Amino acid sequence: MHHGKFTTAREAVEAHKGEALSSRQAFDALSEDQRNEVIEFLKSLQVLPPGTKSLVVDEFGHPKARPLRN
């Protein structure tokens, strides 16, 4: 991500240790649905490449249906 080592938000979050260890542990303690919601939020902060046809994409830039809310 910010330094080019990771290509997805999930990889970047899961790689954090050291000064960000408590944040990583908090992420790990979330349910799978909650972790997915965090990743969706982080993805909303990124700039999509030119020509992207969908505002909702998976971690690889492929179009994805919006998650349903309960």
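**Reading burial, contacts and charge pairs**

Author: Happy to! Buried means under 20% relative accessible area, exposed means over 50%, and partly exposed is in between, using a 1.4 Å probe and protein chains only. A word on the source: this is a predicted model, where local features need pLDDT of at least 70, side-chain atom pairs count only at pLDDT 80 or more, and totals for chains, interfaces and linings use all residues. Residues are numbered from 1 along each chain as its sequence is written, and side-chain values use heavy atoms, with hydrogens and water left out.

Reader: Which residues does Ser54 touch, not counting those up to four places away in sequence?

Author: A contact means heavy atoms within 4.5 Å. By that rule, Ser54 touches Leu48, Pro63 and Lys64. Ser54 itself is found in the segment after helix 3 (32-44).

Reader: How are the helices assigned, and how many does the protein chain have?

Author: Helices (H or I, at least four residues) and strands (E, at least two) are DSSP runs, numbered from the N terminus. Here the protein chain has three helices and zero strands, giving the pattern α-α-α along the sequence.

Reader: Back to burial: is Val57 buried or exposed?

Author: Val57 is buried, at a relative accessible area of 6%. Val57 also lies in the segment after helix 3. Its C-alpha atom is separated by 9.1 Å from that of Glu40, 17 residues apart along the chain.

Reader: And what about Thr52, where does it lie?

Author: Thr52 is in the segment after helix 3 too, but it counts as partly exposed, at 31% relative accessibility. Thr52 and His62 are 10 residues apart in sequence, with 8.8 Å from C-alpha to C-alpha.

Reader: What share of the whole protein chain is buried?

Author: Of its 70 residues, 17% are buried. For contacts between residues at least 6 apart in sequence, 24% join residues at least 24 apart.

Reader: How many salt bridges does a search of the whole structure find?

Author: The general idea is a side-chain nitrogen of Lys or Arg within 4 Å of a carboxyl oxygen of Asp or Glu. The search finds one salt bridge: Arg24 pairs with Asp28, their closest N and O atoms being 3.0 Å apart. Both residues lie in helix 2 (residues 21-29), four residues apart, about one turn of the helix. Asp28 is partly exposed, with a relative accessible area of 38%.
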